[in-house]
Amino acid sequence: MSEFRIHHDVNELLSLLRVHGGEGAEVYIELLQKNRTPYVTTNVSAHSAKVKIAEFSRTPEDFLKKYDELKSKNTRHLDSLVYLLSKLTEDKETLHYLQQNAKERAELAANAATSSSSTNFSIPSSTSKMSLQELEELRKQLGTVTANSSAQQPLELTRKILRDKQNKKNSGQPIPVFPSWVYERPALIGDFLIGTSLSTDTTVPIGTLPLASQESMIVEDLLYVLIGVDGRYITAQALVGRQNRAFSLDPNLDLSIKELVTRILPVAASYSAVTRFIEEKSSFEYGQVNHALAAAMRTLIKEYMILITQLEHLQRQGLLSLQKLWFYIQPTMRTLEILASLATSVDKGECMGGSTLSLLHDKTFNYTGDSQAQELCLYLTKAASVPYFEILEKWIYRGIINDPYSEFMVEEHELQKEKIQEDYNDKYWDQRYTVVQQQIPSFLQKMADKILSTGKYLNVVRECGRDVTCPVAKEVIYTLKERAYVEQIEKAYNYASKVLLDFLMEEKELVAHLSRSIKHYFLMDQGDFFVHFMDLTEEELKKPVDDIITTRLEALLELALRMSTANTDPFKDDLKIDLMPHDLITQLLRVLAIETKQEKAIISAEPTELTLSGLEAFSFDYIVKWPLSLIINRKALTRYQMLFRHMFYCKHVERQLCNVWISNKTAKQFSLHSAKWFAGAFTLRQRMLNFVQNIQYYMMFEVMEPTWHILEKNLKLVSEV
């Protein structure tokens with residue numbers, strides 16, 4: 001987070017809480033900057049925090065229900081937020097303030113609501129009692145609103161939204177789509193077909209059959225139900241929203257058999273959930289990670305189907321009783337339960353790409369101690385991570401993003417690099433490639449910034465026409481030991497940084513641009529050049545800025561460059577004239593107002609009525625070619641320009657005082673008695689000249705020169721961009 005961002009967020013928070021007076025935002029900003037870390041170093045355990053908030057809450061059941069709902073969706077930073085809230089419950093002073101603040105905000109909202117004339121439905125006033133009929137009517141209205149807001153989108157609409165989003169990103173290369181008949185033929189899906197039955201024959205009432213026959217018929221039904229086909233006496237119920245599959249049993253079935261059947265049916269419910277997930281996520285619209293996860297689950301389901309086939313073979317031979325079926329199916333029950341749990345979590349959280357991997361990784365860690373469950377989750381996470389790691393490898397080893405389904409943690413935006421000279425905030429570097437927080441897998445969270453920078457560095461070199469491939473490239477494979485890919489990413493980062501650093505330092509001569517041009521011209525290090533230039537442009541710069549001909553100034557600049565020692569500078573042609581629309585003070589105020597409440601007011605303010613002179617508006621500008629413009633960007637140049645404008649005006653004042661000193665020589669022709677009247681003026685002029693020369697000396701030799709030496713020293717020792 002940048003310093004400007006911290007300032008902005010702290011001021012916004014204080015504004016929202018309506019905090020006035022006191023020590024102001026600076027105290028909090030300083031504390032945050034001292035205590036912040038570049039990335040999250042610890043994972044917060046939210047169990048005790050959750051219990052504490054539940055005890056503190058007036059409706060603990062609602063809180064725990066909401067927490068579990070958000071947890072099932074794999075909501076980012078949920079535990080950290082709960083931990084923070086639990087700490088707030090301990091701070092009585094802060095808690096009292098927040099409660100008071102909430103009360104005031106509620107009153108303001110209530111006043112705003114009463115002043116608004118548009119309402120969707122009328123609510124009886126609180127002063128009169130509501131009748132039962134009015135209460136029922138209101139409940140129905142609220143129920144309708146809730147049902148409409150929580151209704152699940154049809155899968156066809158969801159696929160269309162995802163497809164349109166991906167096609168918009170990949171213009172000219174639309175993503176592949178399954179033919180419509182795949183979705184129009186429900187018999188192709190391995191799940192239950194509601195409203196159909198196994199046979200059209202008349203079903204014999206099972207209650208009239210002996211116990212052995214009932215068991216035989218139910219075993220046959222179960223074998224069908226376990227593979228997604230309705231039986232005669234066991235049928236699947238229609239799904240409502242995201243609920244698990246429920247089944248109807250013949251009410252005349254013997255109670256002992258019914259008890260055992262109800263133990264086996266959760267396997268069929270899990271199979272139904274997994275099958276629906278596989279069919280849905282196999283579509284291209286849900287991305288490569290979900291597709292790979294569905295493929296891995298399909299492999300496991302095939303093994304399950306082999307088991308059911310073997311059980312059917314035993315049943316045909318009359319060797320399969322209900323008890324044996326329960327015995328054989330138990331090992332599979334746990335596997336399908338885990339698969340169904342994962343499928344439901346991915347579905348609820350609408351996870352894709354990195355968020356799916358985060359969920360799988362967290363589930364894998366949560367099963368620590370259950371080796372079978374952890375091994376299963378590890379297998380699924382490895383399979384699902386393969387396409388994600390392929391994108392990651394291309395990015396950190398070559399600087400290329402190939403992410404058609406928007407699953408990767410780094411997102412590319414279309415920006416023109418030529419605009420970097422005109423852009424104060426350096427959008428190309430900051431915004432061309434950005435991190436998408438929800439697509440960062442939790443096991444790569446600590447390395448997210450380095451992953452972003454690694455690809456950026458390589459991409460810069462690639463855009464200069466040089467093909468780069470990391471020599472230490474290795475296949476990235478998911479493992480619970482994070483150190484494995486941390487080391488690989490570190491190696492790739494070090495290589496990319498060195499390649500770009502060498503490219504900037506040696507081929508693009510960054511240090512030469514800084515020491516020969518920036519220092520000589522913007523920090524007024526080239527004395528003879530400025531004497532020539534100010535002699536040539538003195539009359540021109542006295543004019544109002546609107547009367548100055550820029551081409552004439554450019555010609556005088558070139559003449560001064562050719563007549564001075566600056567003629568040996570190979571980059572002298574990159575120096576240009578820039579007549580600014582504001583004086584230096586206004587420019588400083590505009591910079592200081594960035595991301596503050598005063599920004600709009602200052603930017604939209606009317607220009608001053610005073611006409612700027614050429615001297616007040618004059619500045620140098622410098623043409624920086626790609627990729628040096630990433631380092632010597634508009635932000636850096638603006639800082640150099642402000643320093644130059646101040647120094648240049650000081651030099652102008654010194655020249656004016658020297659001209660006064662020359663004109664004062666005429667006093668020598670007067671008699672001593674007459675000349676003494678000028679003594680006070682001469683003393684004042686000399687003191688002014690002495691002050692200006694000393695302050696210039698201080699700025700140039702006490703401030704800028706030592707700092708420049710530190711910069712040069714650091715540039716020699718630098719090891720990464």
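User: Which residues in H10 meet H11, and which in H11 do they meet?
Analyst: On the H10 side you have Leu-211, Gln-214, Glu-215, Ile-218, Leu-222 and Val-225, and they meet Ser-256, Ile-257, Val-261, Ile-264, Leu-265 and Ala-268 in H11. Contact here means heavy atoms within 4.5 Å. This is a predicted model, where local features need pLDDT of at least 70, side-chain atom pairs count only at pLDDT 80 or more, and totals for chains, interfaces and linings use all residues. Residues are numbered from 1 along each chain as its sequence is written, and side-chain values use heavy atoms, with hydrogens and water left out.

User: Switching to H15. Where is its kink?
Analyst: At Val-386, shortly before Pro-387, and the kink is about 40 degrees. The bend is the angle between axes fitted to the seven residues ending there and the seven starting there.

User: What does H15 reach from end to end?
Analyst: H15 (residues 371–398) has 28 residues and reaches 38 Å from its first C-alpha to its last, close to the 40 Å expected at 1.5 Å a residue. Gly-399 follows H15, with a positive phi near 80 degrees.

User: How does H14 cross H15?
Analyst: The axes of H14 (residues 354–366) and H15 come within 9 Å and cross at roughly 160 degrees. That makes H14 roughly antiparallel to H15 (the cut-off is over 145 degrees). Among the contact residues are Leu-357 and His-361 of H14, and Leu-378 and Tyr-388 of H15. The contact divides into 8 nonpolar, 6 polar and 1 charged.

User: What about H25 and H27, how far apart are their axes?
Analyst: 10 Å, with H25 (residues 634–663) and H27 (residues 679–717) packing at about 150 degrees. So H25 is roughly antiparallel to H27. Their contact residues come out as 16 nonpolar, 3 polar and 3 charged.

User: Which residues take part there?
Analyst: Trp-661 and Tyr-640 are among those in H25, and the H27 side includes Arg-685 and Trp-708.

Definitions and conventions. Axes fitted to C-alpha atoms, helices over the stretch in contact; angles between N-to-C directions. Helix = DSSP H or I, 4+ residues; strand = E, 2+ residues; numbered from the N terminus. Parallel < 35°, antiparallel > 145°, perpendicular 65-115°, else oblique. Nonpolar A, V, L, I, M, F, W, Y, C, P; charged D, E, K, R; others polar. Expected span 1.5 Å × (residues − 1).
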